[in-house]
Amino acid sequence: MNPNDQNADRFLNLIRESRRGKFKVYIGMSAGVGKSYRMLQEAHSLLRNGVDVKIGFIETHRRAETEALVAGLPMIPRRTLFYKGRQLDEMDVQAIINAHPELVIVDELAHTNIPGSKNEKRWQDVIEILDAGINVISAVNIQHIESLYDEVRAITGIDVTERVPDRVLQIADEVVNIDLTADELIARLKEGKIYDPAKVQTALANFFQADKILQLRELALKEVAGQVERKVDMAMPLSGNSRHERFMASISSNPDVARRVIRKTARLASYYNSRWYVLYVQTPAESPDRIKLDVQRHLINNLKLATELGAEVIQSKGSNIVDCIMAEVETRKVTTVCIGKPHLNLMQIIIQTNAFNRLLNKLSDSDVDLIILS
């Protein structure tokens, strides 16, 4: 692409960004903290001030306080779909775009749409609405953030299947934390303000334990603080001697280790508001005719995950992994390389071949940092 084309693309992106709607996201540590309630309160306030507000989708969970706030707010009718013999309702994205309100409320950002919908995920619906120039207020729980999957699973023991890529939060103009203490949240649960009374004891024995809530609360506070800091950094002019961080996650075909390295590198890149890459080096032992099909499938899924989290994926071929890493470090002007903690047998191989020492020495000579992620 010649310089004129690049300049034209940059200008086109600026035009698109200026036309895109504003995006506000409420984050909570769990269900029941009051995200939907706060969104509806804000909608009423905006409506009183002459803003054309409509509800695109709200999930009240039959909570009396939340349902009371729905009254008086104009609502865009949902689409009716049939799936597996059942009649189900889904947000009508096209109807929202056609109505073109000034602002729309869209709850449950991590929701997976019914098969047959235009988009697979609701966050994709939201991006489409924003691109149409409509402002959106939405909400999500901290456990649904993609790069936090491993931490959330370690805290709760739950495999959260509905997740939102970090880049969705990064395009938000405002991210607000809805906070409660663990005692307040548990009290709301016991009072029947979160789930039906029949589900309370099960919830208390599992997800709604004080230590788990505290850890999730910390994650939520850190996430919002990081988002605010990123906005401040973007607004402040860079000093002449500041270092532009660029991270590169070097992954193998080991699916579990690769996923952890990708997610943790995504968190680092998000914190520094920096460009980042994911590198996979295909050695002769993993050529298309030799790699196992299940390993190849996991690898493809991990590279897709990296793309969803905002990384630029690099696939290289070579028998010397260190040389391939260093070639990309130099080409991409990488400042920090992230790798997974080697397994014992791999560590023995590394020690025997001196590959790890070679990598350390080469990175040290290049003034590039190395982070080993567990």
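Trainee: Which residue stands opposite Y280 in β9?

Mentor: I251 stands opposite Y280 in β9, where strands are DSSP runs of E with at least two residues and helices are runs of H or I with at least four, both numbered from the N terminus. Please keep in mind that this is a predicted model, in which local features need pLDDT of at least 70, side-chain atom pairs count only at pLDDT 80 or more, and totals for chains, interfaces and linings use all residues. Residues are numbered from 1 along each chain as its sequence is written, and side-chain values use heavy atoms, with hydrogens and water left out.

Trainee: How many bridges pair β8 and β9, and in which sense?

Mentor: Strand β8 (residues 246-251) and strand β9 (residues 275-282) are joined over six bridges in the parallel sense, and two strands count as paired if DSSP finds at least two bridges between them. M248 is found opposite Y277 in β9.

Trainee: And what is the order of the sheet around them?

Mentor: The order is β10-β9-β8-β11-β12, an open sheet of five strands with parallel pairing. Because β10 (312-317) and β12 (369-373) stand at the edges with a single partner strand each, one side of each is left without a neighbour in the sheet. From one strand to the next the twist averages 25°, with axes taken as lines fitted to C-alpha atoms, for helices over the stretch in contact, and angles running from 0 to 180 degrees between N-to-C directions.

Trainee: Which helices lie on this sheet?

Mentor: Helix α11 (residues 255-272) packs on the sheet and touches β8, β9, β11 (336-340) and β12, its direction making about 180° with that of β8; contact here means heavy atoms within 4.5 Å. Helix α12 (residues 293-308) lies across β8, β9 and β10 and runs at about 165° to β9.

Trainee: Is β9 mostly covered or exposed?

Mentor: β9 is mostly covered, with seven of its eight residues buried, where buried means under 20% relative accessible area, exposed over 50% and partly exposed in between, using a 1.4 Å probe and protein chains only. Across the protein chain, buried residues make up 45% of the 374 residues.

Trainee: What about the sheet that holds β2, what is its order?

Mentor: That open sheet of five strands has the order β2-β5-β6-β1-β7, with parallel pairing, and its edge strands, β2 (53-57) and β7 (174-178), each pair on one side only. Four bridges join β2 to the parallel strand β5 (residues 103-106), and I55 stands opposite I105 in β5. Helix α5 (residues 122-131) lies across β1, β2, β5 and β6, running at about 180° to β5.

Trainee: Changing topic, how many aromatic pairs are there?

Mentor: A search of the whole structure finds four aromatic pairs, where rings of Phe, Tyr and Trp (its six-membered ring) pair if their centres lie within 6.5 Å, and planes under 30 degrees apart count as stacked, over 60 as edge-to-face and the rest as tilted. One of them is the edge-to-face pair of Y195 and F208, at 5.9 Å centre to centre and 90° between the planes.

Trainee: Are those two residues buried or partly exposed?

Mentor: Y195 counts as partly exposed because its relative accessibility is 30%, whereas F208, at 3%, counts as buried. Y195, F207 and F208 form one aromatic cluster.
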